[in-house]
Amino acid sequence: MQGWRLGVDPAALSGLVDGYACLAYARDPQRLRADVASVVEAVGGRCPVRVVLRPGWPDTDDAGHLAGKVAAATLPGVAAVDFYHYGLYPWPVLDRIPAALIRD
């Protein structure tokens, strides 16, 4: 868990808040999965965890890459996957979001 770098202790906050947003700004889906799993473990079910992804640069190359990251972030204990930077990405980047959410 990287919260210490930001001065945030998810375990300590989880009993005080209605939810915790995990900023999953990683390119590699396996790294993202490990980061999210550490936050879910730290909050221990005391509050819902929402994972926040960026659909474009510098984290994500295309819709397939984003879909892999959505799948990696969808762990037990994760209440939702959200997306950040709506106002700063062009429409083609935002179009990756619905494509990445389609499940087989």
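Predicted model: local features only at pLDDT ≥ 70, side-chain atom pairs only at ≥ 80, totals over all residues.
How do E1 and E2 pair, and over how many bridges? They pair in the parallel sense, over 4 bridges.

1. **Strand pairings.** In general, strands of a sheet pair through backbone hydrogen bonds, either parallel or antiparallel. Here, E2 and E3 pair in the parallel sense over 5 bridges. Leu 53 stands opposite Phe 83 in E3. For E1 and E2, the count is 4 bridges. Tyr 20 stands opposite Val 49 in E2.

2. **Cover on E2.** Is E2 mostly covered or mostly open? E2 is mostly covered, with 4 of its 5 residues buried.

3. **Salt bridge across the chain.** The structure holds 4 salt bridges. One of them joins Asp 61 to Arg 27, with the closest N and O atoms 2.7 Å apart. This pair links distant parts of the chain, 34 residues apart. Asp 61 sits in the loop between E2 (49-53) and H4, while Arg 27 sits in the loop between E1 and H3 (29-43). Asp 61 counts as partly exposed because its relative accessibility is 45%. Arg 27 is partly exposed too, with a relative accessible area of 39%.

4. Asp 35 and Arg 31 form another salt bridge. Their closest N and O atoms are 2.9 Å apart. Both residues lie in helix H3, 4 residues apart, which is about one turn of the helix. Arg 31 has a relative accessible area of 42%, so Arg 31 is partly exposed.

5. **Buried salt bridge.** Are Arg 54 and Asp 59 buried or exposed? Arg 54 is buried, and Asp 59 is buried as well. Their side chains meet in a salt bridge, at 2.6 Å from N to O. As a general point, side chains of opposite charge can pair when their charged atoms come close.

6. **Nonpolar surface patch.** Which residues form a nonpolar patch on the surface? They are Leu 13, Leu 16 and Val 17. Together they have about 260 Å² of accessible area. Leu 16 lies in the loop between helix H2 (10-13) and strand E1 (20-23). Leu 16 counts as exposed because its relative accessible area is 69%, and the cut-off for exposed is over 50%.

7. **Ala 71.** Ala 71 lies in helix H4 (residues 63-73). Its relative accessibility is 42%, so Ala 71 counts as partly exposed. Along the chain, Ala 71 and Arg 33 are 38 residues apart. Their C-alpha atoms are separated by 8.8 Å.

Note on methods. Residues numbered from 1 in each chain as written. Heavy atoms only, no water. Helix = DSSP H or I, 4+ residues; strand = E, 2+ residues; numbered from the N terminus. Buried < 20%, exposed > 50% of the residue type's maximum accessible area, 1.4 Å probe, protein only. Patch = residues over 30% accessible without salt bridge, like charges linked within 9 Å, V, L, I, M, F, W, Y side chains within 5 Å. Areas by Shrake-Rupley, 256 points an atom, 1.4 Å probe, with all protein chains shown as cover. Pairing = 2+ DSSP bridges.
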